[in-house]
Amino acid sequence: MSDTPVTLYRPDLVASDLDGTLLPPSLEFLPQTVAGVARLRAAGLPFVVCTGRMFKSARRVLARLGITSGPIVCYQGALVADLGSGVWSRHLPIPSHLAADVVRVARELERHINVYVDDELYVEHDDSWGRRYAEYAEVGMNVVADLLAVVTAPPTKIVIETDSDDVTRLLPELQARWEGRLYVTRSLPHFIEISDPQATKSAALAYLCDKLGAIRERTVACGDGMNDVDMLHWAGLGVAVAEASDEVRAAAGLVVPRDRLGELFETLVEAPVRT
């Protein structure tokens, strides 16, 4: 773990991003990560994955981590659901008129977009961007003639996919365009994520803390992406993986190599209770 002197206490809740944090680029969980998560759960500490993934995608992947029950935060915070029952307890979709504006802008920019309605993926073009995403997420892809017709049902999230340099250029423009009306952030290097302004990981965790009786100051949140920065700031202790960017690491109180997250989880189980 980091040499930064941080006093660890047994938390009320541990939250973690999935892709790039718990799940390496190889898409195979490290044995020590699996063991650390199992130790947290066996000790009765709530462990919540907060991911940009669709619910059905995350549910499938987390089964390989040994997690098949309990709450999960999906779509960057737009959805809180129960892994076991599949029940959605908090859902903040994008209003249809704003979603239609996003579709029109993406068309003008000639960029690929993914639209998510009722945990289904919709695209207008069967191209490499859509196929690569569907394969990565292990989901089907619905190709439609007109996404404007799809978003008459408010979508949970919309993603613009393009190359990483283009994301860097477009992101501030789109954030300015929809400031105060939509939450626009970056997750994976080639994803611009667009959702309701309250659909953030930190807001979803605040909702869960209220339900579970957890105290914010006694939470730990782990992440690696720009879409994790809000929850790293929000948590009692924000933990960035060492592989994250400088900006993400600067938002954290502790930096830990990805392959030592399991060790951190084991340490948290044995840590003293804050008095």
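Me: Two strands pair if DSSP finds at least two bridges between them. With that in mind, what is the strand order in the open sheet of this model?

Reply: The order is 8-7-6-9-11-10, six strands with mixed pairing. A strand here is a DSSP run of E with at least two residues, while a helix is a run of H or I with at least four, both numbered from the N terminus. Before we go on: this is a predicted model, in which local features need pLDDT of at least 70 and side-chain atom pairs count only at pLDDT 80 or more, while totals for chains, interfaces and linings use all residues. Residues are numbered from 1 along each chain as its sequence is written, and side-chain values use heavy atoms, leaving out hydrogens and water.

Me: What makes strand 8 and strand 10 edge strands?

Reply: Strand 8 (142-143) and strand 10 (183-186) each pair on one side only.

Me: Why do strand 10 and strand 11 count as a pair?

Reply: They are joined by 4 bridges, and the rule asks for at least two, so they pair. The two run antiparallel, and Y183 stands opposite S195 in strand 11.

Me: Let's look at one residue of strand 11 (residues 191-195), namely E193. Why is E193 called buried?

Reply: Its relative accessible area is 3%. Buried means under 20%, with exposed over 50% and partly exposed in between (1.4 Å probe, protein chains only), so E193 is buried.

Me: Which side chains make polar contacts with the side chain of E193?

Reply: Q76 at 3.2 Å and K157 at 2.5 Å. A polar contact is a pair of N or O atoms within 3.5 Å; within protein, one must be able to donate a hydrogen and the other to accept it, and residues adjacent in sequence count only if both atoms are side-chain atoms. Leaving aside neighbours within four places in sequence, E193 is also in contact (heavy atoms within 4.5 Å) with residues including I158, Y183 and S187.

Me: What polar partners does the side chain of R186 have?

Reply: The side chain of T168 is joined to that of R186 by a polar contact of 2.9 Å. The backbone oxygen of S164 also lies 2.9 Å from a polar atom of the R186 side chain. Beyond neighbours within four places in sequence, the contacts of R186 include F191, M226 and N227.

Me: Now strand 13 (residues 237-241). Why is strand 13 described as largely enclosed?

Reply: 5 of its 5 residues are buried, so the rest of the structure largely encloses strand 13.

Me: Which residues of strand 13 point which way?

Reply: L237, V239 and V241 point one way, and G238 and A240 the other. In a regular strand the side chains alternate between the two faces of the sheet.

Me: How many bridges join strand 12 (residues 219-223) to strand 13?

Reply: There are 4, and these strands run parallel. In general, strands of a sheet pair through backbone hydrogen bonds, either parallel or antiparallel.
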